[in-house]
Amino acid sequence: MPRTAYRGRFAPSPTGPLHAGSLVAALASWLDARAHHGTWLVRIEDIDPPRCPPGADQTILQQLAQCHLLPDEAPTWQSQRHSHYAQALAQLQQAGLAYACGCTRKDIEAAWQHLGLSHQRHVERPYPGTCRQGLHGKPVRSWRFALDAYVSNWPAAQTGQALSAPFSIIDGCLHWHDRRLGPQQQCPGQVAGDFVLQRADGLYAYQLAVVVDDALQGITHVVRGEDLADNTPRQLLLQHALGLQHPQYLHTPLVRMPDGEKLSKQHGAPAVELHQPLQALNAAAQVLQLPAANPETTVADALAQWVEIWRSTYNAQRD
């Protein structure tokens, strides 16, 4: 069977301009696409408009252009795809894989406290299943994926699916392979539980939107920051439940602040300095364990050199 043509993407959230960490992800995804002679796309993930200041998307596109990271097709915006997300949610509802939730944040916090699950920094608490058996008179606020039921019923969930899963589920834990990190495992029911598909404000959740968009755009390879690796099991399960193709995943190293925290807009990460694009790209390349290009090298030549190095390193772990 012929191999599907490579299609990769960089999918920034336009909550501000690119910072050093997001440039690493952009460079890595571009290099991976070029190393495979593939197509590289840019998708603006503005699924949460209140968090996206006007003009931030155009700033990101300009920054990418300054670094010679140009998409092969016109950029797309999640805010223009709501009808597709609605269709996917309806498919899950009809299959009994999505259920209505009437919980407020206060309700969920109270349930967590009852279960002894106090808040811990950087530790996600799973949905306690309050509405799993019905609303009990509460109005519908959101819709959740029936993850607990899907995972518990995994052998039956595979029946009738046209695409085989590139992962296994053993005792409720999902096992998959990351091209850089190697074998991975997570028990998604303990990490996230029945996660949200559509929020109380009517906006669609990231997990649903990214899965639908990757399928619509024919994405075969996802290259993104290591902080998103723990989302992968949820996305693999949603892809399987919707009968969608599964991309291969590669999660890149993170840029960290002196205290060890991930560099992010939330922590006040400054916009990447691009008066000298090669200098910024050199810093990103070193995070990816690629050698810095000579300061006299042009950006185009530096990118070409890194593509060749990428092809002989990261690509060796492709399949």
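Me: A residue counts as buried under 20% relative accessible area, as exposed over 50% and as partly exposed in between, using a 1.4 Å probe and protein chains only. With that in mind, why is Arg-224 called buried?

Reply: Arg-224 has a relative accessible area of 4%, which is under the cut-off of 20%, so Arg-224 is buried. A word about the model: it is predicted, so local features need pLDDT of at least 70 and side-chain atom pairs count only at pLDDT 80 or more, while totals for chains, interfaces and linings use all residues. Residues are numbered from 1 along each chain as its sequence is written, and side-chain values use heavy atoms, with hydrogens and water left out.

Me: Where does Arg-224 sit, and what does it touch?

Reply: Arg-224 is in strand β10, residues 221-225; strands (E, at least two residues) and helices (H or I, at least four) are DSSP runs numbered from the N terminus. Contact means heavy atoms within 4.5 Å. Leaving aside neighbours within four places in sequence, the contacts of Arg-224 include Arg-9, Tyr-206 and His-251.

Me: What makes Tyr-206 partly exposed?

Reply: Its relative accessible area is 24%, which falls between 20% and 50%, so Tyr-206 is partly exposed. Tyr-206 belongs to helix α8, residues 206-216. Among the residues it touches, not counting those up to four places away in sequence, are Glu-45 and Arg-224.

Me: Which "binding site" residues does UniProt list?

Reply: The unreviewed UniProt entry gives Arg-9, Phe-10, Ala-11, Pro-12, Ser-13, Glu-45, Tyr-206 and Arg-224. Such annotations may be inferred rather than shown by experiment; their positions follow the numbering used here, and feature names are shortened.

Me: How do you know that Ala-11 is buried?

Reply: Ala-11 has 17% relative accessibility, under the 20% limit, so it counts as buried. Ala-11 lies in the loop between β1 (7-10) and α1. It touches Arg-43 and Glu-45, not counting residues up to four places away in sequence.

Me: Why are α1 and α10 called roughly perpendicular?

Reply: They pack at an angle of about 75°, with axes 9 Å apart. Axes are lines fitted to C-alpha atoms, for helices over the stretch in contact, and angles run from 0 to 180 degrees between N-to-C directions. Under 35 degrees is roughly parallel, over 145 roughly antiparallel, 65 to 115 roughly perpendicular and the rest oblique. The value lies from 65 to 115, and α1 and α10 are therefore roughly perpendicular. Where they meet, Leu-23, Val-24 and Leu-27 of α1 face residues of α10 including Ala-280 and Leu-281.

Me: How do you know that the buried residues of α11 line one face?

Reply: Those residues are Val-299, Ala-302, Leu-303, Trp-306, Val-307 and Trp-310. Seen down the axis of α11, they fall within an arc of 140°, so they line one face of the helix. The arc is that of the directions from the helix axis to the C-beta atoms. Their cover includes α1 (20-35), β11 (248-252) and α10 (277-287).

Me: What makes the span of α11 close to the expected one?

Reply: The expected span is 1.5 Å times one less than the number of residues. With 14 residues (299-312), α11 reaches 20 Å from first C-alpha to last, close to the 20 Å expected.
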